[in-house]
Amino acid sequence: MSLMLNHAVDELQKQIWAQLDKLAERIKERLRAQVQHVLKGNDKVVTSTLWKSIDGDIERKASEIIITIFSNTKYAEFVHEGTGPAVGHRRYFPQITPIAAWVDEKRLAGSYSVTTKRRMAKGKFQRLEENYIVAYKIAWKIYQHGTEGLKFFDIALKQLEPWIDKEISNFKPKVN
């Protein structure tokens with residue numbers, strides 16, 4: 001008799017955990033999308049490298065589920081936390097290549113035709129050179145003054161907190 005009861009309890013636990021996993025997946029996807037929305041809404045999506053890198057993970061430990069939202073880009077931390085000016089032992093100079101790509105995407109370097117809106121650089125090398133000149137100036141400014149952070153993970157979580165609380169409080173497992 002107790003063996004049958006244990007089997008029934010195990011089966012109920014499996015059903016409840018399966019539904020909890022689905023709830024966690026729904027929350028993870030909504031959080032991931034909200035982080036992307038915050039980035040886009042604050043003009044932090046240019047080359048979309050950071051935007052595309054936003055992902056999530058679900059880990060089940062004993063009696064809890066941990067949802068983690070993250071980015072695997074190197075500069076996500078700098079966007080999130082900002083950077084201070086380079087002082088003392090902290091002498092980090094920003095990488096020029098990603099900034100040059102950003103300069104190109106934002107059309108901050110070079111001359112553009114009024115009628116065609118196309119860049120008037122004479123060849124790829126001139127275009128790269130113009131991008132790198134502007135990128136170096138931007139990197140130097142970042143090096144000297146730092147950047148303001150956008151706590152996009154924190155903002156997204158704060159925005160979704162009421163929805164998450166509602167989803168959790170409305171969770172009622174259905175068992176067969």
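**Trp140 and the reasons behind the labels**

Q: Why does Trp140 count as partly exposed?
A: Its relative accessibility is 36%. Buried is under 20% relative accessible area, exposed is over 50%, and partly exposed is in between (1.4 Å probe, protein chains only), so at 36% Trp140 is partly exposed.

Q: What kind of model do these values come from?
A: It is a predicted model, in which local features need pLDDT of at least 70 and side-chain atom pairs count only at pLDDT 80 or more, while totals for chains, interfaces and linings use all residues. Residues are numbered from 1 along each chain as its sequence is written, and side-chain values use heavy atoms, with hydrogens and water left out.

Q: What makes the pair of Phe93 and Trp140 tilted?
A: The structure holds 5 aromatic pairs. In the pair of Phe93 and Trp140, the ring centres are 6.2 Å apart and the planes stand at 45°. Rings of Phe, Tyr and Trp (its six-membered ring) pair if their centres lie within 6.5 Å; planes under 30 degrees apart are stacked, over 60 edge-to-face, and the rest tilted. An angle of 45° therefore makes this pair tilted.

Q: Which parts does the pair of Phe93 and Trp140 tie together?
A: Phe93 lies in the loop between β3 (82-83) and α4 (96-106), and Trp140 in helix α5 (residues 124-145), so parts 47 residues apart in sequence are tied together. Helices (H or I, at least four residues) and strands (E, at least two) are DSSP runs, numbered from the N terminus. Phe93, with a relative accessible area of 27%, is partly exposed. Phe93, Tyr136, Trp140 and Tyr143 form one aromatic cluster.

Q: What puts Arg30 over the face of Trp163?
A: A charge sits over a ring if NZ of Lys or CZ of Arg is within 6 Å of the ring centre and within 35 degrees of the ring normal. Arg30 lies over the face of Trp163, at 4.4 Å from the ring centre.

Q: Why is Leu160 called buried, and what does Leu160 touch?
A: With a relative accessible area of 4%, Leu160 is buried. Leu160 lies in helix α6 and touches Arg30, Leu31 and Gln34, leaving aside residues up to four places away in sequence; contact means heavy atoms within 4.5 Å.

Q: What makes up the largest nonpolar core?
A: A nonpolar core is a set of buried Ala, Val, Leu, Ile, Met, Phe, Trp, Tyr and Cys residues joined through side-chain atoms within 4.5 Å. The largest has 17 residues, and Val35, Leu50, Ile54 and Phe152 have the most contacts inside it. The largest share of this core, 6 residues, comes from α1.

Q: How does the radius of gyration of the protein compare with that of a compact globule of 176 residues?
A: The globule rule is 2.2 Å times the number of residues to the power 0.38, and the radius is taken over C-alpha atoms. A compact globule of 176 residues would be near 16 Å, but the protein has 24 Å. Its C-alpha atoms fill a box of roughly 85 × 45 × 25 Å along the principal axes.
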